[in-house]
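Biologist: I'd like to go through this model with you, a bit at a time. Can we start as soon as it is on the screen?

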Amino acid sequence: MDYPIQPIILSIPAVIYCIVLKRKDIPYKTAFKNLGLSIPRTKYLLWGLVLGIFSIGVAFAIAKWISPGILNNKNTASNFYSSWHLGYGTILLAFFRELVYTTFGEEIFFRGLLGRVLFKRFGFRIGNLLQALIFLLPHLFLLTISSAFAPTLVFIAIMAWVIGWLRYRSESIIPGLIMHTLANTFSAAVVMM
């Protein structure tokens with residue numbers, strides 16, 4: 001069985017944060033709100049959806065530059081989807097898999113916890129730039145597979161900045177979670193084609 005190790009590891013600092021606040025008699029509700037685990041206003045949910053749909057187009061455009069052999073490389077996350085056949089059901093399954101296995105953990109850590117700390121410490125402009133660059137760091141390993149991933153890294157950096165903006169404006173990770181999950185899902189769909 002395949003376990004969602006990444007979101008578990010990335011959620012540990014958020015869990016520790018909640019425990020520390022609770023020991024200071026700060027309710028979990030406040031800790032969750034600080035982490036962006038709150039329902040934002042509808043307009044930000046729509047922003048997340050619209051930007052997620054836009055990112056789908058960008059993902060397809062970038063995929064045109066990358067050969068299928070590179071996308072199906074066993075060292076890429078997208079390789080998981082190489083045996084899947086494209087269809088509505090597989091897109092839906094990929095969406096939920098990406099939500100659980102990738103995007104929730106990344107959003108709770110990079111935007112929920114790290115983003116909030118950096119926004120508070122350095123303000124939005126510097127804090128958001130820093131969180132986007134820190135989010136980009138682990139993705140740089142794609143260059144060890146092929147330099148053809150360079151355009152993808154530019155897209156990832158821009159997307160991280162936009163998701164940080166959504167987090168800052170909405171005070172929630174949910175709009176960015178929607179955008180991020182849609183982008184990852186349709187990147188997986190490219191591999192299924």
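Predicted model: local features only at pLDDT ≥ 70, side-chain atom pairs only at ≥ 80, totals over all residues.

Modeller: Residues are numbered from 1 along each chain as its sequence is written, and side-chain values use heavy atoms, with hydrogens and water left out.

Biologist: Fine. At what angle do α1 and α5 pack?

Modeller: Helices here are DSSP runs (H or I, at least four residues), numbered from the N terminus. Axes are lines fitted to C-alpha atoms over the stretch in contact, and angles run from 0 to 180 degrees between N-to-C directions. The axes of α1 and α5 are 8 Å apart, and the packing angle is about 30°.

Biologist: Is α1 roughly parallel or roughly antiparallel to α5?

Modeller: Angles under 35 degrees count as roughly parallel, over 145 as roughly antiparallel, 65 to 115 as roughly perpendicular and the rest as oblique. The pair packs at about 30°, so α1 is, relative to α5, roughly parallel.

Biologist: Which residues of α1 make the contact with α5?

Modeller: Contact means heavy atoms within 4.5 Å. On the α5 side, the contact takes in V100, Y101, T102, F104, G105, E106, I108, F109, L113 and R116. On the α1 side, the residues are Q6, P7, L10, S11, P13, A14 and Y17.

Biologist: How many nonpolar residues does the contact of α1 with α5 have?

Modeller: Ala, Val, Leu, Ile, Met, Phe, Trp, Tyr, Cys and Pro count as nonpolar, Asp, Glu, Lys and Arg as charged, and the others, Gly among them, as polar. In the contact of α1 with α5, 4 residues are polar and 2 charged, while the nonpolar ones number 11.

Biologist: Now α3, residues 42–65. How far apart are the axes of α3 and α6?

Modeller: The angle between α3 and α6 is about 180°. That makes α3 roughly antiparallel to α6. Their axes are separated by 11 Å.

Biologist: Which residues of α6 meet α3?

Modeller: From α3 come Y44, W47, G48, L51, S55, V58, I62 and W65. By class, the contact of α3 with α6 holds 11 nonpolar, 4 polar and 1 charged. The α6 partners are P151, T152, F155, V162, W165, L166, R169 and S170.

Biologist: T152 is in that group. Is T152 buried or exposed?

Modeller: T152 lies in helix α6. Buried means under 20% relative accessible area, exposed over 50%, and partly exposed in between (1.4 Å probe, protein chains only). Its relative accessible area is 14%, so T152 is buried.

Biologist: And what is T152 in contact with, leaving aside its neighbours within four places in sequence?

Modeller: I62 of α3 has already come up in the contact with α6. Leaving aside those sequence neighbours, the partners of T152 are I62, I66 and L142.

Biologist: Where is S146, and which backbone nitrogen does its side chain reach?

Modeller: S146 sits in the loop between α5 (88–139) and α6. With a relative accessible area of 13%, S146 is buried. At 3.0 Å, its side chain reaches the backbone nitrogen of A148.

Biologist: Which loop holds D25, the residue with a positive phi?

Modeller: D25 has a phi of about 60° although it is not a glycine. At a relative accessible area of 69%, D25 is exposed. Its place is the loop between α1 (5–23) and α2 (28–34).

Biologist: What about E171, what is its relative accessible area?

Modeller: E171 is another non-glycine residue with a positive phi, near 60°. Its loop runs between α6 (150–170) and α7 (174–192). E171 is partly exposed, at 46%.

Biologist: Last one. What is A183 in contact with, again leaving aside its neighbours within four places in sequence?

Modeller: A183 belongs to helix α7. It counts as buried, at 1% relative accessibility. Beyond those neighbours, A183 is in contact with S55 and M159.

Definitions and conventions:
Helix = DSSP H or I, 4+ residues; strand = E, 2+ residues; numbered from the N terminus. Polar contact = N/O pair within 3.5 Å; in protein donor to acceptor, adjacent residues only side chain to side chain.
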